[in-house]
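Visitor: I have a model open and want to learn how to read its features. Where do we begin?

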Amino acid sequence: MKKNYYLFASGKLGRQDNTLVLEREGKKKFIPVEKIESISSFGELDLNTRALSFLSQKGIALHVFNHNGWYGGSFVPRRQKVSGKLLTEQVKTLLDPVNRLQIAREFIDGAMHNMLRILQRQSQKINGYKERIEGLIEIRRRLSDATTINGVMAVEGAFRQNYYPLLAQLTGQEFITRVKQPPLGILNCMISFGNTLLYTRTLNKIYQTQLDPTVSYLHEPCEMRFSLSLDISEVFKPVIIDRLIVSLLNKNMIAENDFDQDLNSTLLTTEGMKKYVQNFDDFMEETVFHPTLKRKVSYNTLLLTECYKLIRSLMADEKYKALHMWW
């Protein structure tokens, strides 16, 4: 299975013979392109069209972050799998208010189920668990009454507003409200950085299918982002990122000295980001037994499977059912 490669050093990224090489301070580091799915760069890269053409030829996506870990954008390779019929169905569903609403609701319902599942598994650590869970369940019920995409997003916002303080209890972190740009507080920082890693990983999986990543249902399609990746990521944020955060903090795998904190922001240090991405990659390779496939599958595979589930719903006129944690 191909891996995801992370670059934290700055330098010149170029092609040499039939591989990639990072040149820095007179030294060369060769990158094994045949074993790579994507490259995520957190340093400053100099590269030319020859290198980009080679990345495209090898089917390698390049995701760019700044030194603070904020996502800048992605260079994605020329599509190897295209389907005019699937694209037509994607757009038809987007333009159909009823079908679009059903898929958007399902993304959020799956996300809410998964958040509740996490809390239920660690109920003994939450003060006032019963009343607070009942409050979340009541918010979830409102989803069926939402008749617009904005209504769905409003329910999701209310749910998360009540969910994050409980996630904070599981990690022993202080949490007042969700602050994203820039994040404020350790928990906000870890949520934002983790969600960005998940967004780019989901984009990798979408590109392994015939789905168009710019046609989405929950988030509005636009020219500045791959919005379908945002849609699918919603389902997996609690399954992957929230659980990873709980593990990293409770096991002291990431500590306060892995963050730069001031009155206006909280950012991971370079060493903190390295720890995070290593544990994220390890987590994505962990497996669970899939009751339908009758075998163990990794979280990477679950992401890819979710893409194919969406394809089947678009092509076979069956309702999309988001992943609901069963383990």
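**Rings, strands and a charge**

Guide: Begin with one aromatic cluster, formed by Phe 8, Phe 42, Phe 65, Tyr 71, Phe 193, Tyr 199 and Tyr 276. Keep in mind that this is a predicted model.

Visitor: How many aromatic pairs does the structure hold?

Guide: Twelve aromatic pairs. Take Phe 107 and Tyr 320: their centres are 5.2 Å apart, with 55° between the planes, and the pair is tilted.

Visitor: Which parts of the chain does that pair link?

Guide: Distant ones. Phe 107 sits in helix H3 (residues 97–121), while Tyr 320 is in the segment after helix H9 (299–315). They are 213 residues apart.

Visitor: Are Phe 107 and Tyr 320 buried or exposed?

Guide: Both Phe 107 and Tyr 320 are buried.

Visitor: Now the cluster again. Why is the pair of Phe 193 and Tyr 276 edge-to-face?

Guide: Look at the angle. Planes over 60 degrees apart count as edge-to-face. The planes of Phe 193 and Tyr 276 stand at 75°, with the ring centres 5.2 Å apart, so this pair is edge-to-face.

Visitor: Which helices hold Phe 193 and Tyr 276?

Guide: Phe 193 lies in helix H6 (residues 186–206) and Tyr 276 in helix H8 (residues 270–285). The pair therefore ties together parts that are 83 residues apart in sequence.

Visitor: Why do Phe 193 and Tyr 276 count as buried?

Guide: The cut-off for buried is under 20% relative accessible area. Phe 193 counts as buried because its relative accessibility is 4%. Tyr 276 counts as buried because its value is 0%.

Visitor: On to strands. How many residues of strand S7 are buried?

Guide: Four of its five. S7 spans residues 61–65 and is mostly covered.

Visitor: Which way does strand S5 run against S7, parallel or antiparallel?

Guide: Parallel, with four bridges joining S5 (residues 36–41) to S7.

Visitor: What do S7 and S8 form, and how many residues lie between them?

Guide: A hairpin, with five residues between the strands.

Definitions and conventions:
Residues are numbered from 1 along each chain as its sequence is written. This is a predicted model: local features need pLDDT of at least 70, side-chain atom pairs count only at pLDDT 80 or more; totals for chains, interfaces and linings use all residues. Side-chain values use heavy atoms; hydrogens and water are left out. Buried means under 20% relative accessible area, exposed over 50%, partly exposed in between (1.4 Å probe, protein chains only). Helices (H or I, at least four residues) and strands (E, at least two) are DSSP runs, numbered from the N terminus. Two strands pair if DSSP finds at least two bridges between them. Rings of Phe, Tyr and Trp (its six-membered ring) pair if their centres lie within 6.5 Å; planes under 30 degrees apart count as stacked, over 60 as edge-to-face and the rest as tilted.
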